[in-house]
Amino acid sequence: MKSTILTFTSSLLISLAAASPGHNPHFKFQQRCSRLAQTFHPDANTQVLVSQFVPAGTNFTNPDNHPTCQTKPYTITLADMCRLRLKVKTSSTSELEMEAWMPLDWKKKRYLVLGNGGLGGCIAYPDMGFTTWLGFATIAHNNGHLGDTGEPFLNNPGVVEDFAYRAIKTATKTGKKAVKHFYNSSLKKSYYMGCSSGGRQGLKAAQDFPEEFDGIIAGAPANHLNNLMSVSGHYYKINGNPGDASYLSQAQWIAMRDMTLSQCDALDGVVDGVIEEPRGCNPRFEALMCAAGQTWASHGCLTATQVGTARKFFEPFYGTDGNLLMPRFDPGADVSSDVYGGQPPRYGTQWWKYAIFNDPNWDFHTQFNLQMVMDVQALDPFGASTWKDLTKLKQSGHKLLTYHGLQDGVINSENSYRYYEYVSRSMALTSTELDSFYRFFPIPGASHCHSGTGNWYIGATSQVGRVLGATNIPTEEGVLMSMVKWVEQGIAPERIVGRNINAQTGVQSSIKEHCKWPKKNVYLGGDPNAKESWGCQ
Ligand SMILES: *[C@@H]1O[C@H](CO)[C@@H](O)[C@H](O)[C@H]1NC(C)=O
Ligand SMILES: *[C@@H]1O[C@H](CO)[C@@H](O)[C@H](O)[C@H]1NC(C)=O
């Protein structure tokens, strides 16, 4: 991996040496960019790997496309920019790699750091392309190791520490130095945006180093990380493997979701494939149970044992002390056998093997149990669980916006409600008081970070780089520019515009405004595809 990057680097530097002032209006920008390897030496820990001018429209082939990374293998850049890749030592045994994409047009002097996903390791190049086009000098990093895998954690607590908090903190500080150096100017405002693991990183910053960001956007955050890993093992044990009496195939989970919709979709007044408030839905799972003589093949129904499996996914998970470890999934969530069946959960197993027990032979089937779950919760390496209140954020005067899809079948949205209410109680602040620095938007009809049957597109991480033609969608209404408006003009978001978009074709079917918790999306009557037909109550 590393030698590939270095080869790539030297060939680029050679090709850049050919840039000439001739007909090129941006010669100075290009020259300053290609010289960063000589001029940018912020400290002994930081090394320039690449500095290159990249014109808009370049087919940028991801240099570190580790096989475990699910990002698109290439990104068409949207803005003329300077691309800087750095390696930064974080301890004697750990390092991170990061990219700074610095647009030619940087009039607003905004700085943005993007987050990671899963156990990543992977840089969100498509998102960087989009936010650079929006004018943000954008930073993304590999979170202390390459690839969406936990293997580098093995016997290296430095890599775990990077993952828990240090990589994002270090990349943010180093990125600020790089941007200031390159533009020879201070930056005006600093932002963060991430989803899933990236949402957890955003909450980590909000809890522990809010001074780094004027505005933080944290989507579907993977906080209470240890218990999230544990509940995935709990679900796998319930669902099991193909052939087990307990097991539901992917098609059977979809049938269960459709049955839930048939019972709850109309509760909000509109039958549209979206349950606006899954918390108000308590389906009777037994409605899908076979009568005598019926089978899945003949009638599309489930056995009593399988109905028991489905029911347990929508019940909370408790510890040996009776305390809640993880809330239930939202009824109607897109639970998947690809995630919770057939084999022990990939992220959880890697977390336990490599970060917790330092034992590559650790075996899920013999060693996963509730006492282990309790022990891991107590161990919580480097505070990875990210479950503290927001006292520091409030003191800093900076802002946090969180959102969570209410069809999320990977991280249940109840975890975000639970965090919000925990912060409220812990700081003894009402929702009106929290509004001055912390706002939470549940997004009905949205799955994990991107896609969904409803108005899931909100201009967020892992959406903008994925949706064809995202640049044609008004950018000011998305979560990122809503945060900018809050920070720079003091206009706080009351609602977030969501669009129903087909990511492949770019075709849009409707627009809806999502409400700020504790208000809920309510149908007022009229054309359900018109946003005027919905309100917040
Ligand atoms: C960009 O390059 C990759 C790799 O060479 C190629 O597969 C892809 O089709 C290219 N994309 C476009 C839009 O040209
Ligand atoms: C950076 O900006 C300062 C003040 O605006 C100026 O004096 C200096 O020459 C600039 N340095 C470079 C390398 O452009």
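Predicted model: local features only at pLDDT ≥ 70, side-chain atom pairs only at ≥ 80, totals over all residues.
Residues are numbered from 1 along each chain as its sequence is written, and local features need pLDDT of at least 70, while side-chain atom pairs count only at pLDDT 80 or more and totals for chains, interfaces and linings use all residues. Chains are lettered from A and ligands numbered from 1 in the order in which they are written, and side-chain values use heavy atoms, with hydrogens and water left out.

The protein is divided into domain 1 (1-187) and domain 2 (228-383), with bounds that come from an automatic or database domain assignment. Their C-alpha centres lie 38 Å apart. To the contact (heavy atoms within 4.5 Å), domain 1 brings 17 residues and domain 2 brings 13 residues.

Together the two domains bury about 1,200 Å², 68% of it on carbon and sulfur atoms; buried area is the accessible area (1.4 Å probe) that two parts lose on being put together, summed over both. On the side of domain 1, the residues that lose the most area to domain 2 are L119, L154 and V160, together 37% of what that side buries.

The domains share 1 salt bridge (a side-chain nitrogen of Lys or Arg within 4 Å of a carboxyl oxygen of Asp or Glu). D148 forms a salt bridge with R346, and the closest N and O atoms are 3.5 Å apart.

Turning to the ligand, N59, Y74 and I76 surround ligand 1 (each with a heavy atom within 4 Å of it). An N or O atom in the side chain of N59 is 2.4 Å from an oxygen atom of ligand 1.

How values were computed. Polar contact = N/O pair within 3.5 Å; in protein donor to acceptor, adjacent residues only side chain to side chain.
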